[in-house]
4 protein chains.
Amino acid sequence: MARGINKVILVGNLGNDPETKYTQGGMAVTKASLATTSVRKDREGNTQERTEWHRVTFFGKLGEIAAEYLRKGSQVYVEGSIRYDKYTGQDGVEKYTTDIIADEMQMLGGRAEGGAPKREFGGGGESRQSRPAQPQGGAPRREAAPAKSNDFGTDFADDDIPF
Amino acid sequence: MARGINKVILVGNLGNDPETKYTQGGMAVTKASLATTSVRKDREGNTQERTEWHRVTFFGKLGEIAAEYLRKGSQVYVEGSIRYDKYTGQDGVEKYTTDIIADEMQMLGGRAEGGAPKREFGGGGESRQSRPAQPQGGAPRREAAPAKSNDFGTDFADDDIPF
Amino acid sequence: MARGINKVILVGNLGNDPETKYTQGGMAVTKASLATTSVRKDREGNTQERTEWHRVTFFGKLGEIAAEYLRKGSQVYVEGSIRYDKYTGQDGVEKYTTDIIADEMQMLGGRAEGGAPKREFGGGGESRQSRPAQPQGGAPRREAAPAKSNDFGTDFADDDIPF
Amino acid sequence: MARGINKVILVGNLGNDPETKYTQGGMAVTKASLATTSVRKDREGNTQERTEWHRVTFFGKLGEIAAEYLRKGSQVYVEGSIRYDKYTGQDGVEKYTTDIIADEMQMLGGRAEGGAPKREFGGGGESRQSRPAQPQGGAPRREAAPAKSNDFGTDFADDDIPF
DNA sequence: TTTT
DNA sequence: TTTT
């Protein structure tokens, strides 16, 4: 039971290639920085620009997808929640961190740095078969797979959905 | 793989008690109308008010929870997607419907019409233990249970999450 | 005073070039259809795909921006609200429509049909000066201008914001 | 022109009475902490609960409304964006803060600590007329006023909207 | 650190 | 009607 809603929706570009680690249980934990920039006019009419750098974390299957498809520069839609943490650094000082825990991701148009032009994305299913088993350096090769195992959320394993 | 985002977030009050049917496979399909009202000033400075009535559908476990806890007047948060359908009526005319397919729901403060005050809101766990095992007619008796089986979205069956 | 929240977030591609009309007061009203597709596996493991076509309406300055920058095929982020309307057709039959009233829009990567590659977007400010007064057929020429007059929402005409 | 989307949607309860300061220009800056709690089952089937405390900042007119209507315990919907800041403390150590900059707020059912029941929720307009002209200490007395000056977002000062 |  |  959740008491409250903690929802974040981001659209931006990655500032770095995602970095992936694995837990002892073998779960992928992928992290990347995502920039969102807003612009406003100040009183003198000058354009004021400000960029927020969000630390986004992708767990599990989503972490594997992010590792495989996202690269520095990728434009991406991320939906998730905010998580605040506190820890004591080696210098004995308390530090605070804020992370966006992604629970949905979708790659958007555009291309990663050094990547292939967008029409290379979405190649036929055959490229999907021929993909390397392990993500490697270089540009992403095709469009992102689903961010969630089930786009309909609830218990749609039951297939007698009336539509 | 989803291609696109179709997300709706509603906060409003139900205009009727939810109605539940079951599919042949035994899945609950609960429907209710939810009102959201917006207000603006027109050019003459008069307040113009407008209410949208959203047809919300809850499937599966969420449908059972909605049936148990929601009543006419309930204030509720709903997250879902928009679904457009077309069918031919008995008069041979094509009809169009729009539904909000909920994939998350959360009851908010306030009380259903004729319902008991939500004094157990935030109260101790004891009232939670004394709830009847089966939903019965009348007002909802306790806070909404989870809208999703897993608030963390991904594959957190794996318990070695590093937090 | 709004009573309730009625919020829609869409990311998808336009199925047609936007169409713009003007009110007697000179306000632009631009409409376009936006597709979002979701995919799920049915019980037999077959991929089931479903596309929703959202009718999106952009008013005022946003309508002018949409008319200038969006084209068939454009990938776009839209934030707005749902509006249900009812009218009586010339055949005397009541009809129902559902529209998404946009209040924020942002062009995403990718390109419109027949359009130039994305790096043509974002041309310098000079192209902004030389743009035709009226949108014409063909590809959009630069990245979308702001969807809202003020990205900070509140009364930031006051410039003594402490950041 | 914004480049990216940075959107946060929160529903939760305030952990403290809001605190308001004014800029030299006279703009209200109101801050409060808002809790959202999520729950999940761990591998042993134990319920794991976790609360995030969001620091929410309301500027301008919204800051005045928040100061007048919100109290410790208030249940509230907040929409805004995430803002990360860095500063050097008096101890010479760099500190990082994360704030949610609200651009829309709506009070939800429920009541503030020590406050009166929200029985006027949905009640007649008369209690609305009898409200004190100036906010005073104690519990909020009526439903939240609008979070935004204009619920329709765009340039609806122009009143020839075709609906 | 991204992007335009 | 889009997109992949």
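Helices here are DSSP runs of H or I with at least four residues, strands are E runs of at least two, and both are numbered from the N terminus. With that in hand, chain A has two helices and six strands. Reading from the N terminus on, the order is β-β-β-β-α-β-β-α.

Some housekeeping before I go on. This is a predicted model, where local features need pLDDT of at least 70, side-chain atom pairs count only at pLDDT 80 or more, and totals for chains, interfaces and linings use all residues. Residues are numbered from 1 along each chain as its sequence is written, chains are lettered from A and ligands numbered from 1 in the order in which they are written, and side-chain values use heavy atoms, with hydrogens and water left out.

Of its 163 residues, 50% are buried, and buried means under 20% relative accessible area, with exposed over 50% and partly exposed in between (1.4 Å probe, protein chains only). The chain exposes about 7,800 Å², and carbon and sulfur atoms supply 45% of that; the areas are Shrake-Rupley with a 1.4 Å probe, and for residues only the protein chains shown count as cover. For contacts, read heavy atoms within 4.5 Å. Take those in chain A between residues at least 6 apart in sequence: 58% join residues at least 24 apart.

Now let's zoom in on one residue, A:Thr36. Its place is in strand E3, residues 28-41. Is A:Thr36 buried or exposed? It's buried, at a relative accessible area of 3%. Its side chain makes a polar contact of 2.9 Å with the side chain of A:His54. By polar contact I mean a pair of N or O atoms within 3.5 Å; within protein, one must be able to donate a hydrogen and the other to accept it, and residues adjacent in sequence count only if both atoms are side-chain atoms. What else does A:Thr36 contact, leaving aside neighbours within four places in sequence? Among them are A:Val11, A:Gly12 and A:Arg50 from chain A, plus D:Arg3, D:Ile5 and D:Asn6 from chain D.

On to helix H1, residues 60-69, starting with chain C. Eight of the ten residues there are buried, so the helix is largely enclosed by the rest of the structure. The buried set includes C:Leu62, C:Ile65 and C:Tyr69. What do they pack against? Strands E2 (19-22), E3 (28-41), E4 (47-59) and E6 (94-107) of chain C. In chain D, seven of the ten H1 residues are buried, so that helix is also largely enclosed. D:Leu62, D:Ile65 and D:Tyr69 are among the buried ones, and the cover includes E2, E3, E4 and E6 of chain D.

Staying in chain D, E2 and E3 pair in the antiparallel sense over four bridges; pairing requires DSSP to find at least two bridges between the strands.

Another glycine, D:Gly15, is in the loop between E1 (5-14) and E2 (19-22) of chain D. D:Gly15 counts as partly exposed, at 29% relative accessibility. Beyond residues up to four places away in sequence, D:Gly15 touches D:Ser33, D:Trp53 and D:Lys72.

Last topic, charges. Side chains of opposite charge can pair when their charged atoms come close. How many salt bridges does the structure hold over all chains? There are 36, counting a side-chain nitrogen of Lys or Arg within 4 Å of a carboxyl oxygen of Asp or Glu.

In chain B, B:Arg55 and B:Asp99 meet in one at 3.0 Å, N to O. B:Arg55 lies in E4 and B:Asp99 in E6, so the pair ties together parts that are 44 residues apart in sequence. B:Arg55 is partly exposed at 40%, while B:Asp99 is buried at 5%.

In chain D, D:Asp99 and D:Arg55 form a salt bridge too, with the closest N and O atoms 2.9 Å apart. Here D:Asp99 is buried at 6%, and D:Arg55 is partly exposed at 40%.

One more to look up on screen: A:Lys7, A:Glu79, B:Lys7 and B:Glu79 are linked in a network of salt bridges.
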